[in-house]
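Hi everyone, thanks for making time. Please have the viewer open, and we can walk through this one together.

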Amino acid sequence: MSTAMPFAADGALLSEVTAAVKTAGVTLRDRYTSHARGVSLDEVVGEIHANDDAVLDVLREPLLRSRPGSQWAEDELAGGALPPGEWWVVDPAEGNINHVHGMEDWAVTATLVRDNLPVLTVVHLPLTGDTYTAVAGGGARLNDRPLMVSAKTDLGAALTGTGQAKPGEDERTFRRIGDSVTAMLINGLVVRVSVPATMQLIHVAAGRMDAFWQFSDVRSGLVAGALLVSEAGGTVTDLAGEPWSTAGRDFLAAAPGIHPSALKVLAPIA
């Protein structure tokens, strides 16, 4: 899936990005409460925007400075191909809705995308201190431990997952999500339906889950996990089976022994 950056030259960049994301994580952790914040929709949305703004204030400049000439993808809910060149695709609070509801499934992510392929990523979980990293051609790691996807080959034994990419998607997308969950419940073992995507994709990269799919092109929720899974030995495609990039309309990341059977189940729905 990925085209390798000169791996040896990127150790320093990865260190810089990791430091910046961890610093941003402190900001997000300090804003966390174990109770829900906001009652009305306006209040919940206000809390979400406040989280984003606070983290971006400490994350944007260090990332742009670390890679001269790189650009910033402003809309974290946007999808589709980016213009040529290097872009930072960042989610300052991946799982923001969980954060403001007092749940623990959230992270700070930063991914460098070159010509629509992710080439370096950092996913930091401030509550646990865990950090997932990957550089194209250099493997994926959890802290100091290499990651490897599941060795399963039987979809009937697979733990898989999906979820919506953002609020307010069209009805057709919601129906496809429902149909796909039903199909995978019939053909697989257990299906998790949750948000955010990255928090499921780190499990695929670590071999704890076997596949994740999504009917969406919201790139901020997919680029980090796509690189982590790919570098951990997984297979990342669209639901037509073609190699995935940010131009893809849908997404499947799976252990290589599970991917063909998962694709067979999901492709007719896509």
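What you see is a predicted model. The mean pLDDT of the chain is 95, and 96% of its residues reach 70 or more. There is one stretch to treat with care: over residues 2-6 the pLDDT stays under 50, and the model has 19 contacts beyond four places in sequence for that stretch.

Seven strands make it up, in the order 1-2-3-4-5-6-7, and the pairing is mixed. Which strands stand at its edges? They are strand 1, residues 71-72, and strand 7, residues 145-146; each has a single partner strand, so one side of each is left without a neighbour in the sheet.

Inside that sheet, please find strand 3, residues 107-114, and strand 4, residues 117-125. Seven bridges pair them in the antiparallel sense. As one example, L112 has L120 in strand 4 as its bridge partner. The loop between strand 3 and strand 4 holds D115 and N116. Neither is a glycine, yet phi is positive in both: near 50° for D115 and about 75° for N116.

Strand 12 runs antiparallel to strand 10, residues 211-214, with four bridges joining the two. Three bridges join strand 12 to strand 11, residues 235-237, again antiparallel. If you want pairs to click on, Q214 stands opposite F251, and T235 has A254 as its bridge partner. In a regular strand the side chains alternate between the two faces of the sheet. Here both faces of strand 12 are covered: F251 and A253 are buried on one side, L252 and A254 on the other.

In soluble globular proteins, nonpolar side chains tend to be buried together. The largest nonpolar core here has 79 residues, and V17, L59, L63 and F251 touch the most other members. Helix 1, residues 11-30, gives the most to this core, with seven residues.

A226 takes us to helix 6, residues 223-231. Nine of its nine residues are buried, so helix 6 is largely enclosed by the rest of the structure. That run includes S230 and E231, as well as V223, L227 and L228. After helix 6 comes G233, with a positive phi near 100°.

Back to helix 1 for a moment, where V21 sits. V21 is at 0% relative accessibility and counts as buried. Beyond its sequence neighbours up to four places away, V21 touches L59, V108, A110, V122 and H124.

T160, in strand 8, residues 159-162, is also buried, with a relative accessible area of 0%. Outside four places in sequence, T160 is in contact with residues that include V190, V191, R192 and W213. And one backbone detail: the peptide bond joining V195 and P196 is cis, with omega about 0°. P196 is in the loop between strand 9, residues 190-193, and helix 5, residues 197-205.

How big is the largest pocket in volume? About 930 Å³. Of the 37 residues that line the largest pocket, E76, L77, N96, A165 and P167 are the closest to its centre. Helix 2, residues 41-66, brings the largest share of the lining, nine residues. Strand 2, residues 86-94, and helix 3, residues 96-100, each supply at least two.

Methods
Residues are numbered from 1 along each chain as its sequence is written. This is a predicted model: local features need pLDDT of at least 70, side-chain atom pairs count only at pLDDT 80 or more; totals for chains, interfaces and linings use all residues. Side-chain values use heavy atoms; hydrogens and water are left out. A nonpolar core is a set of buried Ala, Val, Leu, Ile, Met, Phe, Trp, Tyr and Cys residues joined through side-chain atoms within 4.5 Å. Buried means under 20% relative accessible area, exposed over 50%, partly exposed in between (1.4 Å probe, protein chains only). Contact means heavy atoms within 4.5 Å. pLDDT is the predictor's confidence in each residue, from 0 to 100. Two strands pair if DSSP finds at least two bridges between them. On a 1 Å grid over the protein atoms alone, a cavity is a set of points where a 1.4 Å probe fits but cannot get out, and a pocket is an open set with protein on both sides within 12 Å along at least five of seven lines; lining residues have an atom within 4 Å of a point. Grid points are joined across faces, edges and corners, and a volume is the space filled by probe spheres set on the points.
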